[in-house]
Each structure stands twice: as C-alpha cells, then as structure tokens.
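Colleague: I'm new to this one. Could you walk me through it?

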Amino acid sequence: MAGRSASLVLLAVLFYAGGSAALAEGRAAPVIYSVTPRSGPVGTGITITGANFTAANNTVRFGGGFIQWLPASSGSGNQTILFTLRPVIGAVACPGTARCPTAAHFVQPGGNPLSVQNANGTSSTMTFMLTD
C-alpha cells in the first residue's frame with residue numbers, strides 16, 4: 001500500500017509541477033470566439049476574436065501552414081488578431097520569436113482549419129472556406 005501511495009503522490013507532483021507549462025504558470029490556452037468573415041478569396045482581411053492571445057507573438061495555423069508573429073489587440077473584454085490571407089504562407093513554424101527561412105505552403109481552396117497558437121497553448125479549430 002505504501003508503494004501505491006508514493007506513486008499517487010509522485011503522479012500528483014508531476015502533474016502539478018510540469019504537466020503543462022501553461023497550466024503550471026496559470027495561463028489559459030487561446031480561445032477563438034469568432035472568425036470574420038468565415039469565407040473569402042486570397043487577399044481577404046480576417047479578424048479572429050477571442051481570449052488568451054499574447055500581445056505580439058501569436059501564430060495562426062491555417063490549412064497546412066503557419067502565419068507567425070501576429071499581434072493581438074484588446075477591446076471591450078475581447079482580443080482580436082487581424083491579418084490578410086496571402087496565397088503563400090510558411091510551411092513550418094519558426095521557434096519563439098526567431099525569424100527563419102521556411103518552405104512555402106500554398107493555401108488551397110475549400111475548407112481550411114484555423115487555430116491560434118502561442119506561449120499559452122493552442123486553441124480549438126474553426127474552419128475558413130477559401131474561395132477562388
């Protein structure tokens with residue numbers, strides 16, 4: 001029984017101390033409330049409204065690519081990330097705030113999953129319909 005108690009204590013310590021950096025530091029993962037508009041062609045200005053975005057270093061995962069280093073603004077209790085969808089975005093995410101060369105990812109027509117990732121974690125996914 002003592003071995004089982006020690007295992008439970010160790011499990012609790014591991015979860016509390018290092019399970020998730022965001023949870024350990026009291027930060028909540030990003031949350032997307034809305035994406036406006038929900039569809040459009042390349043060149044569309046997109047607004048993501050939500051919470052738990054960082055001031056200057058958010059990455060939008062779009063389809064199979066990444067749009068990095070996006071700032072968030074705050075207003076009336078919500079935060080927003082604004083960006084213009086380009087025909088080519090990064091195929092990999094560079095770590096932290098480092099700027100690095102990356103392979104190209106061509107955005108594809110149809111439904112593209114979209115989420116926000118930052119130091120707090122990763123949001124759930126919404127879909128943006130890219131039209132021709």
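Colleague: What makes the 4 strands an open sheet, and in which order do they run?

Modeller: The order is β1-β3-β7-β6, with antiparallel pairing. At the edges sit β1 (31–36) and β6 (73–75), each pairing on one side only. From one strand to the next, the twist averages 30°, an angle between N-to-C directions of axes fitted to C-alpha atoms, on a scale from 0 to 180 degrees. Bear in mind that this is a predicted model: local features need pLDDT of at least 70, side-chain atom pairs need 80 or more, and totals for chains, interfaces and linings use all residues. Residues count from 1 along each chain as its sequence is written, and side-chain values use heavy atoms, without hydrogens or water.

Colleague: How do you know that β3 and β7 pair?

Modeller: Pairing takes at least two DSSP bridges between two strands, and β3 and β7 (residues 78–84) have 6, in the antiparallel sense. Thr 49, for instance, stands opposite Thr 80 in β7.

Colleague: Why is Asn 52 called partly exposed?

Modeller: Its relative accessibility is 27%. Buried means under 20% and exposed over 50%, with a 1.4 Å probe and protein chains only, so values in between are partly exposed. Asn 52 lies in the loop between β3 (45–51) and β4 (58–62), where strands are DSSP E runs of at least two residues.

Colleague: What does Asn 52 touch, leaving out residues up to four places away in sequence?

Modeller: Contact means heavy atoms within 4.5 Å; the partners of Asn 52 include Ala 28, Pro 30, Gln 79 and Asn 118. Asn 118 is 66 residues away along the chain, with 8.9 Å between the C-alpha atoms.
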